[in-house]
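Hello,

Here is the structure I promised to pass on to you. Have a look at it first, and then read on for what turned up.

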Amino acid sequence: MEFSNIREVIKNEPRYRTDQIMRAVFVDLVEDWDKVTGLSKKLREELKKKCPLEIKGEIFISSNEDSVKVLMPLVDGKLIETVLMMYKGERNSVCVSCQVGCPMGCKFCATGKMGLIRDLTTDEIVSQVLFFSRYLKKEKKRVRSVVFMGMGEPFANYENVIGAIRLMHDPKGLGLGARRFSISTCGLVKGIQKLAKEELDVNLAISLHASNDTIRRKIMPVAQTYTIKELLEVVDDYIAVKHRKVMFEYLMISDLNDRDEHALELAKLMKGKLYVVNLISYNSTGEFKSSTQKRMKHFKNILEENGVEVTIRYRFGRDIQGACGQLATEKGKHQ
Ligand code: SAH
Ligand code: SF4
């Protein structure tokens, strides 16, 4: 989908035409320009040629039907993955990718192993959500929230990520409230500082994954650039401006960061702030082992006993390799 081309094609049309077309694409979710009545044949043909509405994707549904993954081919043949997570009570959330691959090289992450292949455009990010808006429409359901936890580092493609959020937030676009968006970052402090200046009040999540710099440096190259202390200072500045709770993601890796002493160390960092910790069960990508459920619960208890708010991330679509943050490359098919 090339939304940017739509503007170009209709630039000489009257203003109401733009609204009509935006409504057709984002509200009525049409997949065929011929279904948009009231457009001249000439205009329809031009839109068909320059802005085809088709969004291709191969669909995989998890066995317990709580998630659906789509593998989407881009114009240059590269592939990206997007996941729809269906919570009970209709909290349908789409986990989007913002890059093909990722430049940050986290050791535990399948996407990180690919390196950066390229940034996604605003259109490519929005198309992922539109794909699932269309998919859910058939069941009379809607996309309720969008999380940037697929492939890539959102703050390494800042402008396109924010551009996509603006388009999806636009009442004439998908009309999703700002709080329906969550950006997860490995801790690029410049991105956090920029986000603090945006008018949009989206949710921010930080992939911390360690209770001290020594461990963090072993698994996340970004920790060589910024210490946890520097990162938390910037997060606190962000909270001072936005007054919004920030989530810290913590992957539970056996023996590396899941011992009692790590829980206590983490509690010291987290306590008394507008923070919430989200413990994530690690989906092993080879090098490390995931912690047991029992260990995770114990770790959670220690944090809670020390005054930290904690949640554990529910696992989605394991059988389709479709849990958030685990999207990538099987057998190099993204190359
Ligand atoms: N680049 C961003 C957002 C994408 S990753 C970031 O790192 O925050 C989204 C989340 O999935 C991150 O918390 C990431 O650390 C986590 N993740 C990566 N690999 C994972 C794996 N194998 N199992 C579980 N979570 C993983
Ligand atoms: Fe990139 Fe996030 Fe994976 Fe790290 S965890 S390599 S930042 S996608």
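**The second largest pocket**

Let's start with the second largest pocket, which has 14 lining residues, and M1, E54, P73, L74 and V75 are the ones nearest its centre. Please keep in mind that this is a predicted model. The volume of this pocket comes to about 400 Å³.

What kinds of residues line the second largest pocket, by class? Seven are nonpolar, five are charged and two are polar. Helix 4 is the biggest contributor to this lining, giving three residues, and strand 2 (67-73) supplies at least two. Both domains take part as well: domain 1 (1-54) and domain 2 (55-333) each provide at least three residues of the lining.

Next, the interior. In soluble globular proteins, nonpolar side chains tend to be buried together. Here the largest nonpolar core has 110 residues, and the members that touch the most others are W33, F108 and F148. Helix 4 (residues 122-137) turns up again, with eight residues that make up the largest share of this core. Like the pocket lining, this core takes at least three residues from each of domain 1 (1-54) and domain 2 (55-333).

Beyond its neighbours within four places in sequence, W33 has contacts with I6, I21, V25, L39, R44, L47, K48, C51 and L53.

How values were computed
Residues numbered from 1 in each chain as written. Chains lettered and ligands numbered in written order. Predicted model: local features only at pLDDT ≥ 70, side-chain atom pairs only at ≥ 80, totals over all residues. Heavy atoms only, no water. Core = buried A, V, L, I, M, F, W, Y, C linked by side-chain atoms within 4.5 Å. Buried < 20%, exposed > 50% of the residue type's maximum accessible area, 1.4 Å probe, protein only. Helix = DSSP H or I, 4+ residues; strand = E, 2+ residues; numbered from the N terminus. Domains from an automatic or database assignment. Contact = heavy atoms within 4.5 Å. 1 Å grid on protein atoms, 1.4 Å probe; cavity = no way out; pocket = protein on both sides within 12 Å on 5 of 7 lines; lining within 4 Å. Points joined across faces, edges and corners; volume = space filled by probe spheres on them. Nonpolar A, V, L, I, M, F, W, Y, C, P; charged D, E, K, R; others polar.
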